[in-house]
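Let's take a walk through this one together. Have the sequence and the 3D view open, and follow along strand by strand.

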Amino acid sequence: MSLQKVSHRLIGGVADKADFKANIREFDPARGKFASTMCRRKCKYCFPLGCQKRFGKCTKVSYGSGLYEISCDLSVRGGCEQSTSWLYKKLTPNSIVQFPSSGDISLETVPTACDFIENVVKCNGTILLHSKMDSDVAKAMVKRLKLDGSHKSRLLFQITCTTLDNNLMEAIEVDAPSFFERISAMGILLRAGFTVNVSCTPCLSPDFEDLYHTIERYYNGTFSIGVTNMHPNALFSSIHGKGSHKEEIASGSRCGIWLRNYKSMFTSEWAKGAIDFYKRHDNVICERNIWKLAGVDEYELSRERTRDIVRDKIGGSNVCT
Ligand code: SF4
C-alpha cells in the first residue's frame, strides 16, 4: 500500500486530525446574544474554558494552517448560516471536520448538530465527533440521524473516557456525564452501527491498560492515549484564578491529590509504557505529546499506522489517498 500521498491528518493532537473545526454556540435569549461557548461543563483541563477565562472569548478563532472554527447556531439564522454554507462548499472527499470543537452536544442541540453532520457527510466530508456523551444524547442522535451505509461510515464518534476512577473523573471533569453514562452511550452508538473510538486524553490516571480492556466491548475503533496539553498547574490557574492550584492541593480534595501527584504519575517511563502498549495493540494510538514525554523519536512511524486504521474505519481510500 502506497503511503506517499497519505494525508497527515488523523494523527496526534486535535489540530493534526482535522482540516476544519465546527462548533455549536448556544443562543442566550436573556442576553440577546450567543454565548462564547456552548459547553455547560467545567472540566479542569479545558483549553477553550481556559481561553475564555483568560481572554474573554474562545470562538471564531483562526487556528492557522487552514484551520478555522465555524459556528452554526441553534435558533437564529444569519451570519452563522453563511459560515456553514462556506464550509460545505470547501469540503472535499479528504476533508475532516472536528465537531464540536469547543463544547459538547446537549439534548437541546442534537437537532442542529445532526443537521450539520448530515450536511457535511453528504458533501463527502468526514466528521470526527468528540464528546463526553451521555445515553440520552446518544439515543437522540441515533433516532435523528438518517444516514445510509457510506454516509454513516463518514461519522466517527470519539468518546472521551479518561479513567476507570469515577470519583476522579467527577472531580476533574466537573458536570460531565459519569463513566457509566459514557459507556452506555458508546453501547448505543455501537448497536446502531456507528464507528466508536475512545479518547483517553487527557489520561487522568496511569491505568489506561485496565481501561482499554474493561471497555473493549463498547468500541470498535481506536483507543488514543494522551496527556494534558498544558501543565496542569498553569492550566488550572488560568481557569480557576491565581493561587487556585495551591489552594486545591491544600484542600486535600480529589482534584488536589491529582494535581499534587500529576508529575509523579505521568513520567517518561509511564509514556514509554504507553508506547509499548501501542506497539502491542493494533488499534491504539499514542498522541503526539506521549511520544514527546517518552523522548522517543518514532512518531513519524506511528502516523502510518494511524492513517491505515482510519482508512479502514472510514471504509475506503477516499480519506487518506
Ligand atoms: S466537555 Fe470539553 S469543551 Fe466542555 S468543559 Fe469539558 S473539555 Fe471543555
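Strand β7 (residues 96–99) and strand β8 (residues 126–131) run parallel and are joined by four bridges. Here strands pair if DSSP finds at least two bridges between them, and helices (H or I, at least four residues) and strands (E, at least two) are DSSP runs, numbered from the N terminus. To get from β7 to β8, the chain goes through helix α4 (residues 110–122), and this β-α-β crossover is right-handed. That term means that, with the strands pointing away from the viewer, the path from the first strand over the helix to the second runs clockwise. Within the pairing, Q98 has L128 in β8 as its bridge partner.

A word on what you're looking at: this is a predicted model, where local features need pLDDT of at least 70, side-chain atom pairs count only at pLDDT 80 or more, and totals for chains, interfaces and linings use all residues. Residues are numbered from 1 along each chain as its sequence is written.

Now stay with β8. Six of its six residues are buried, so β8 is largely enclosed by the rest of the structure. A residue is buried if 20 or more other C-beta atoms lie within 10 Å of its own, exposed if 12 or fewer, and partly exposed in between, with C-beta atoms placed from the backbone. In a regular strand the side chains alternate between the two faces of the sheet. In β8, T126, L128 and H130 point one way, I127, L129 and S131 point the other way, and all are buried.

What lies on from β8? Strand β9 (residues 155–160) pairs with β8 in the parallel sense, over five bridges. L129 has F157 in β9 as its bridge partner, and H130 stands opposite Q158 in β9. Six of the six residues of β9 are buried as well: L155, F157 and I159 on one side, and L156, Q158 and T160 on the other. From there, β9 pairs with strand β11 (residues 195–200), again parallel and over five bridges, and L156 finds its bridge partner in T195 of β11.

Next, look at helix α8 (residues 179–191). F179, R182, I183, A185, M186, I188 and L189 of α8 are buried, and what covers the buried residues of α8 includes α5 (135–144), β9, α7 (166–172) and β11. Just after α8, G193 takes a positive phi of about 90 degrees.

Then there's the ligand. Around it you'll find C39, R41, K42, C43, C46, P48, L49, S102, G103, D104, K132 and A176; a residue counts as near if its C-beta atom, placed from the backbone, lies within 6 Å. Both β4 (42–43) and α2 (47–55) give two or more residues to this shell.

Finally, zoom out. The protein chain has 15 helices and 13 strands, and 45% of its 321 residues count as buried. E209 and A274 are 65 residues apart in sequence and 8.4 Å apart in space, C-alpha to C-alpha.

How values were computed. Two residues are in contact if their C-beta atoms, placed from the backbone, lie within 7 Å.
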